[in-house]
Amino acid sequence: MAALQDVIDKIQQLDTAAMDAAQKRQAQLAKPPGSLGRLERLSIQLAGITGKVHNQIDTTHLLVFAADNGVVEEGVSSSPMSVTLQQTINLTRAKTGASVLCQYFGCGITVCDVGVNAIITEKAVLNRKISYGTQNIVKGPAMTREQAVRAILAGADLAMNTSADAIGIGEMGIGNTTTSSAVLAVLLDADIEAVTGRGGGITDAAFQKKKQVIRQAIAVNQPCKTDAVDVLSKVGGYDIAAMCGAYLGAAATHRPVVIDGFISAVAALCACQLCPLVRDYLIPSHASYEIGYKLAMNALALEPIFLLGMRLGEGSGCPLAFQVLKASCAILNNMATFDEAGINDDYLEEIRRGDSFTVKEQAASWEN
């Protein structure tokens, strides 16, 4: 745990002076106050993350962590475990949804094997395998605590050593909506019905079995909800653990890090339990169609950028979110101020004193 604590100790609070300066710059730009909404808030958040008012998102990179889950033998997925291996390889060939989007937008991608239940000879897949898949969580812990920490550190190390202005976090692993739902249920002490969706699509009978399996896994393993490592080791997966570590690593190196969908959000929640400061480095991409996603976002007090009905996973929302981050930088860096535009802005004083749609109101509108 000492090495993990070393990573956590590198994570700092956002630079409030840089954020104040960015906010003042936004107030000087030739537009009604707050009229660019989330783009303005993202530019201020980026200033806090980097310590600079003017930022550029020139390079972006998606980290995809692949692993198999022993719980698949319980019939909780419509896809066979072999799909994990094939899609892990396809991700490196720009043949999956996330990798196609990365190629289209010029985003780098690294696919990392932390627990695929197969020998992967494809050189493009980074080998950080902890073991050949986890154990079946219905019968006992998914992994040992030591293995969970190793997976977290593998993710942290990869993020810290990835050269990019912004990082996105994705996954590949058949059965990982089951493990994610189990982790989320424990962390939030939530009802299984409220956190469990159909994942990649299953029959009604399989859906009921999936919820039964999650209940049984939690009962058998009794994970401690205040100890994210314990939860991950008992009912999680190597992919979720490594993703959790990647959030820690990105925050430790002062980079914004993009959440993909449901599984990515659960991993982010784990990271925030280990270090609450991570939350301020997070940028959610899209609102996942999975039922538990909104609970995870509410727990993190975060709001997604997009509402696209997506539920693919892989990190597919991250390349889209990177474009919004780039746009937020362009606005702050390149838009004219009132003085530069030759406009007297006295007419906006009344608006500046009050008539604005607050961040809290925006979040409330999404939740409703």
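I began with strand β1 (residues 60-67), which runs parallel to β4 and is joined to it by seven bridges. Strands here are DSSP runs of E with at least two residues, helices are runs of H or I with at least four residues, and both are numbered from the N terminus. Two strands pair if DSSP finds at least two bridges between them.

I noted that this is a predicted model, where local features need pLDDT of at least 70, side-chain atom pairs count only at pLDDT 80 or more, and totals for chains, interfaces and linings use all residues. Residues are numbered from 1 along each chain as its sequence is written, and side-chain values use heavy atoms, with hydrogens and water left out.

**Entry: partners of β4**

I looked up single bridges next. Leu63 has Ile169 in β4 as its bridge partner. I then turned to strand β5 (residues 257-259), which pairs with β4 over three bridges in the parallel sense. There, Gly168 is partnered by Val258 of β5.

**Entry: cover of β4**

Is β4 mostly covered or uncovered? I found strand β4 (residues 166-172) mostly covered, with seven of its seven residues buried. Buried means under 20% relative accessible area, exposed over 50%, and partly exposed in between (1.4 Å probe, protein chains only). I checked both faces, and both are covered. One side holds Ala166, Gly168, Gly170 and Met172. The other holds Ile167, Ile169 and Glu171.

**Entry: Arg255**

I found Arg255 in the loop between α11 (238-252) and β5. Is Arg255 buried or exposed? I read 11% relative accessibility, so Arg255 counts as buried. I then listed its contacts (heavy atoms within 4.5 Å). Leaving aside neighbours within four places in sequence, Arg255 touches residues including Ile49, Met160, Asp165, Tyr281 and, from β4, Ile167. I also compared Arg255 with Gly292: they are 37 residues apart in sequence and 27 Å apart in space, C-alpha to C-alpha.

**Entry: the whole protein**

I counted 16 helices and six strands. The radius of gyration is 21 Å, close to the 21 Å that the globule rule gives for 368 residues, so the protein is as compact as a globular protein of that length. That radius is taken over C-alpha atoms, and the rule is 2.2 Å times the number of residues to the power 0.38. The C-alpha trace spans about 70 × 40 × 40 Å along its principal axes. Buried residues make up 55% of the 368 residues. Of the contacts with a separation of 6 or more, 76% join residues 24 or more positions apart.
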